[in-house]
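I opened my notebook for a structure that was new to me. Here is what I looked up, entry by entry.

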Amino acid sequence: MICYSTYLTLKTCQPMEIIDLTTPLREQVRQSQVQQGQILVSVQHTTTALAINENESRLWQDIETFFQRLVPASDRYRHNDLHLRDVPADEPENAHAHLIALLLGSNEAIAIQAGDLVLGQYQSVLFLELDGPRQRRVHCQIMGMGEEA
């Protein structure tokens, strides 16, 4: 049994941004030498999320518009009452980002078969920045069996 653990470091550029992690995750699977097993991908931040969906720029725009309508940053949230909390001076008003992250989730488990991610034709593993720009970390734990000797 192989157990391989690593981190991906991302630098986001926008307040809300989607980054396709499929290629770097496939590279981590290759490096792990796991042929049959699974990868658990976990974000390390409460204002980021993961999803499996299509890598298509117009869909990404629709996703952003959808979440901006569902959880507008301009709405009133108690979490944004920064004067009532013990927070750093540069703490942003980011309750909307926390709420969107709750809707999406913080990890994805993906099967590995023949040394590759088991994804459908149009599926990609997407990292969603909800409170950027920031530097972010994604943990990857890959477990399974390598090639038989």
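**Layout.** I read along the sequence and found the pattern β-β-α-β-β-α-α-β-β-β-β. That gives the protein chain three helices and eight strands; helices (H or I, at least four residues) and strands (E, at least two) are DSSP runs, numbered from the N terminus. I kept in mind that this is a predicted model, where local features need pLDDT of at least 70, side-chain atom pairs count only at pLDDT 80 or more, and totals for chains, interfaces and linings use all residues. Residues are numbered from 1 along each chain as its sequence is written, and side-chain values use heavy atoms, with hydrogens and water left out.

**Overall extent.** The C-alpha trace spans about 60 × 35 × 20 Å along its principal axes. Of the 149 residues, 40% count as buried (under 20% relative accessible area; exposed is over 50%, and partly exposed is in between, with a 1.4 Å probe and protein chains only).

I traced an open sheet with the order 1-8-3-5-6 and antiparallel pairing; two strands pair if DSSP finds at least two bridges between them. Strand 1 (2-11) and strand 6 (116-117) are at the edges with a single partner strand each, so one side of each has no neighbour in the sheet. Strand 3 (residues 36-43) and strand 5 (residues 107-113) run antiparallel and are joined by seven bridges. Within that pair, I found Ser42 opposite Asn107. Helix 1 (residues 22-32) lies across strands 1, 3, 5, 6 and 8, at about 150 degrees to strand 1 (axes are lines fitted to C-alpha atoms, for helices over the stretch in contact, and angles run from 0 to 180 degrees between N-to-C directions).

Four bridges join strand 2 to strand 7, and Ile19 has Phe127 of strand 7 as its bridge partner.

**Cores.** I then looked for nonpolar cores, which are sets of buried Ala, Val, Leu, Ile, Met, Phe, Trp, Tyr and Cys residues joined through side-chain atoms within 4.5 Å. The largest has 20 residues, and those with the most contacts inside it include Leu21, Ile39 and Phe127. Leu21 touches Leu8, Leu10, Leu50, Val125, Phe127 and Val138, leaving aside residues up to four places away in sequence; contact means heavy atoms within 4.5 Å. Another core, of 16 residues, lies apart from it, with Met16 and Ile63 among its members.

**Helix 3.** In helix 3 (residues 95-104), I noted Ala95, His96, Ala97, Ile100 and Ala101 as buried. The buried residues of this helix pack against strand 4 (48-53) and helix 2 (57-70). Just after helix 3, Gly105 takes a positive phi of about 110 degrees.

**Cysteines.** How many disulfides are there? I counted zero, taking a disulfide as a pair of cysteine sulfur atoms within 2.5 Å. For Cys3, the nearest cysteine sulfur is that of Cys140, 12 Å away. For Cys13, the nearest is also that of Cys140, 20 Å away. Cys13 counts as exposed because its relative accessibility is 53%.
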